Amino acid sequence: MDSTTNEPKSFIQRFNERAEFDRFSVISVGFLLIGIVGGITVGIFAREHIWQIGFIAGVTMLSLSLMLAVAPMKYIIRGMIAALLVDVFIILINLF
């Protein structure tokens, strides 16, 4: 609970506070996830379409740049989620 009001904090607020406390662990897991999933997506599923490779690379670089720039955690986490969603979307497009 917030000390100034009696309203409970939302899940997003609690998650952002915990992520800020665990900044370096979140960033290191992010580097691993984004690198591995992005590499598998490009290497196996998006080899034949240059626009897919460019899209994956753009979102992945945005996510990694936010991590290296020590941006606020809410932007880093949203960038990681966006990169993983793009990877999964490209995998599903090429599977079916």
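How many residues does helix 4 have, and how far does it reach from its first C-alpha to its last? I looked this up before anything else, taking helices as DSSP runs of H or I with at least four residues, numbered from the N terminus. Helix 4 has 23 residues and reaches 33 Å, close to the 33 Å expected at 1.5 Å a residue, where the expected span is 1.5 Å times one less than the number of residues.

Before going on, I note that this is a predicted model, in which local features need pLDDT of at least 70 and side-chain atom pairs count only at pLDDT 80 or more, while totals for chains, interfaces and linings use all residues. Residues are numbered from 1 along each chain as its sequence is written, and side-chain values use heavy atoms, with hydrogens and water left out.

**Entry: helix 2 and its burial**

I made the length check on helix 2, residues 23-45, as well: its 23 residues should span 33 Å at 1.5 Å a residue, and its end C-alpha atoms are 31 Å apart, which agrees. I then listed its buried residues (buried being under 20% relative accessible area, exposed over 50%, and partly exposed in between, with a 1.4 Å probe and protein chains only), and found R23, I27, G30, I34, G38 and T41. What covers them includes helix 1 (11-21), helix 3 (50-68) and helix 4 (73-95).

R23 was worth a separate look: it lies in helix 2 and is buried, with a relative accessible area of 10%. Counting contact as heavy atoms within 4.5 Å, and leaving out residues up to four places away in sequence, I find that R23 touches V70, A71, P72, M73 and I76.

**Entry: V70**

V70 is found in the loop between helix 3 and helix 4, and it has a positive phi of about 55° although it is not a glycine. V70 is exposed, with a relative accessible area of 54%.

**Entry: helix 2 against helix 3**

I took axes as lines fitted to C-alpha atoms, for helices over the stretch in contact, with angles from 0 to 180 degrees between N-to-C directions. Helix 2 and helix 3 pack at an angle of about 170°, with their axes 11 Å apart. That makes helix 2 roughly antiparallel to helix 3, on a scale where angles under 35 degrees count as roughly parallel, over 145 as roughly antiparallel, 65 to 115 as roughly perpendicular and the rest as oblique.

On the helix 2 side the contact uses I27, G30, F31, I34, G38, T41, V42 and F45, which meet Q52, I53, I56, T60, S63, L64, M67 and L68 in helix 3. The residues of this contact divide into 10 nonpolar, 6 polar and no charged, with Ala, Val, Leu, Ile, Met, Phe, Trp, Tyr, Cys and Pro counted as nonpolar, Asp, Glu, Lys and Arg as charged, and the others, Gly among them, as polar.

**Entry: helix 1 against helix 4**

Which way does helix 1 lie relative to helix 4? Their axes come within 9 Å and cross at roughly 100°. That makes helix 1 roughly perpendicular to helix 4. I12, F15, N16, A19 and E20 of helix 1 make the contact with M73, K74, I77 and R78 of helix 4. I note 5 nonpolar, 1 polar and 3 charged residues in it.

**Entry: the nonpolar core**

Here I looked for buried Ala, Val, Leu, Ile, Met, Phe, Trp, Tyr and Cys residues joined through side-chain atoms within 4.5 Å, a set of which is a nonpolar core. The largest such core has 16 residues, and those with the most contacts inside it are I34, M67 and I76. Helix 2, helix 3 and helix 4 each supply at least two of its residues, and the largest share, 7 residues, comes from helix 4.

The buried residues of helix 4 are M73, I76, I77, G79, M80, A83, V86, D87, I90 and I91, and what covers them includes helix 1, helix 2 and helix 3. Not counting residues up to four places away in sequence, I34 touches G39, T60, S63, L64, M67, M80, A83 and L84.

**Entry: L84 and L33**

L84, in helix 4, is partly exposed, with a relative accessible area of 24%; leaving aside neighbours within four places in sequence, it is in contact with L33, I34 and V37. L33, in helix 2, is partly exposed at 39%. L33 and L84 are 51 residues apart in sequence and 8.1 Å apart in space, C-alpha to C-alpha.
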